[in-house]
Amino acid sequence: MKNKFIKIFGIAIVSALTLASCDKGFEEMNTNPNALTDPAVKSMFTLAEIYVDGQDFSNTRGNNIYAAQIVQQFSSLGGSGSKYTYSSEYSGALFGETYGKGLNQIFQLMSVLPDTPENSNMIQACRIMKVFLFQKLTDTYGEVPYFDAGKGYNGNVFSPKYDTQEAIYNDLLKELDEAGDALDASKPFVGAADLYYQSDVARWKKLANSLMLRVAIRLTKVNPAKSKEFVEKAVAKGVFTSNDDSLVLKHDAGPQGVRTNPITSAWVTNDLNGGESNIKFSKTFIDLLKNTNDPRLRIYAKLEATGDNNPANQQGLPNDAEEFPGGDKKLFSDPNTSTVLRLDAPTLIMSYAEVQYILAEAAVRGWNVGGSAQQYYENGVKAAMDVLKIFGDKVPAVTSTEYNTYITTYPFKTAGTEAEKMEQIITQKWILLLFNGFEAFSEYRRTGYPVLVPVNDPTGETNGTIPRRLIYDQSELLTNAENYKEAISRQGLDLMTTRVWWDKQ
């Protein structure tokens, strides 16, 4: 986790080559780049890495307001995620931004990179980043344009067809398998322009294989044989082995925009207001950590109005609340602005702890992953506590004594049923995935854990059931209507209750 603070190399060139074409939608994504006679590819690569993390638009609307509230990490009185209401702008934010910025940037870069040995590592890294973005997209919406996406650069395809999630997942696994193998430490990379691992090819290989775990484990209900195959393949190839391998993207405190943390910056500048924020920690999240004396609570939460991070005084807002109990927003816990909600708080994109939890689940299933479920689970909890050191030293880190007390008091249920073990593992993953609401939402739908009490608000769209997906960006009805209609004819109506392919009962 020795990533450097974000430095935007050649910002004027990047702006000219990239930002002008990064507005929402496929029209912008498919802008012809033939006028680019001398592209600053390293700067373009840097910006692609930043966009993998998302920007303020999608993180505020899709992550903080929708996904993280659906899975009851956070809550707000009128939040679309808390009450399962529909907001076209919020629901479609990830769709529009990912195609208009993240994927646009990657496809544009790949369109100007000659397929030569000198560019091979950059090309493989782009393939890996593309998997991050496409998995998040397809998990959130279901069928999405995949194989035709980006063909405006070399194929004049401006109305891309949607692909089945099964076909997308098959290709995501293929891409990771091939790209990881093709990375070569003897070939050039991009030097310090790589914000992730400073062009350390060995760590990029571990990233590809660890991401393969995340992709493969999603298939447990729909294709368990393939899930097992690729989980075991990833382990054999080599996954994260410590917190030093975790993918951490650091940020600057300003100026706001590309350089600040996209998950926290809008929250801090627009909505925090000395404890007057409408978004608070959920009662579900706070109560779980309080009731188990989880030492992470002092790092995650505080009462912003007073600066009090004493775990005993933290209070979460029920997701079904119609008003703040007691009438005072300041009595409810905010994310801690000294740690996780700093403007320059780093983003934990993928962690060693997550890898350990996936391996713990695989071991429970009896797969060949080289260790016991108990050991992987304990490694995961320890790593999840230790990794919080990335948020600085203003709040004391979790000590070994605190971890030992916690794991002794709440040991892995070695004598429990498979369901009990799964619940324990996925609940810990849910805690770890704080601020990664999209991934937590996917894992909740796959496993049903943690056990959540649905909200049945009269303004909701789901008749009191927890949503299974978000609704597409409605601009697709105007710009890509034929392909949109074909997709929903296969997948089901464009509703929050329609299940995606891997989401089985």
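R214 is buried, with a relative accessible area of 5%, where buried means under 20% relative accessible area, exposed over 50% and partly exposed in between (1.4 Å probe, protein chains only). The model is predicted: local features need pLDDT of at least 70 and side-chain atom pairs count only at pLDDT 80 or more, whereas totals for chains, interfaces and linings use all residues. Residues are numbered from 1 along each chain as its sequence is written, and side-chain values use heavy atoms, with hydrogens and water left out.

**Salt bridges**

The side chain of R214 meets that of E354 in a salt bridge of 2.8 Å, N to O. R214 belongs to helix α10 (residues 201-217) and E354 to helix α15 (residues 352-364), so the pair ties together parts that are 140 residues apart in sequence. Helices (H or I, at least four residues) are DSSP runs, numbered from the N terminus. E354 is buried, at 2% relative accessibility.

A salt bridge is here a side-chain nitrogen of Lys or Arg within 4 Å of a carboxyl oxygen of Asp or Glu; by this rule the count comes to 37. Side chains of opposite charge can pair when their charged atoms come close.

| Salt bridge | N to O distance |
|---|---|
| R214 and E354 | 2.8 Å |
| K429 and E443 | 2.7 Å |
| D181 and K237 | 2.5 Å |

In the bridge of D181 with K237, D181 comes from helix α9 (residues 165-182) and K237 from helix α11 (residues 224-237), so parts 56 residues apart in sequence are tied together. D181 counts as exposed at 52% relative accessibility, while K237 is partly exposed at 31%.

K429 and E443 form a salt bridge that links distant parts of the chain, helix α18 (residues 418-432) and helix α19 (residues 437-447), the two residues being 14 apart. K429 is buried, with a relative accessible area of 1%, and E443 is buried at 2%. Salt bridges that share partners join D139, R214, R218, E354, E361, R365, K429, E439, E443 and R446 into one network.

**D139 in helix α8**

D139, a member of that network, is placed in helix α8. At 2% relative accessibility, D139 counts as buried. The side chain of D139 makes polar contacts with the side chains of Y169, at 2.7 Å, and R218, at 2.9 Å. A polar contact is a pair of N or O atoms within 3.5 Å; within protein, one must be able to donate a hydrogen and the other to accept it, and residues adjacent in sequence count only if both atoms are side-chain atoms. Not counting residues up to four places away in sequence, D139 touches Q165, Y169, R218, S442, R445, V500 and W502, contact meaning heavy atoms within 4.5 Å.

Q491 lies in helix α21 (residues 481-491) and is buried, with a relative accessible area of 16%. A polar atom of the Q491 side chain lies 3.2 Å from the backbone oxygen of Y141, and one lies 2.7 Å from the backbone nitrogen of E143.

The largest nonpolar core has 144 residues, of which F45, I128 and W204 touch the most other members. The largest share of this core, twelve residues, comes from helix α8 (residues 120-141). Such a core is a set of buried Ala, Val, Leu, Ile, Met, Phe, Trp, Tyr and Cys residues joined through side-chain atoms within 4.5 Å. Leaving aside neighbours within four places in sequence, I128 is in contact with L176, A179, L183, W204, L207, A208 and L211.
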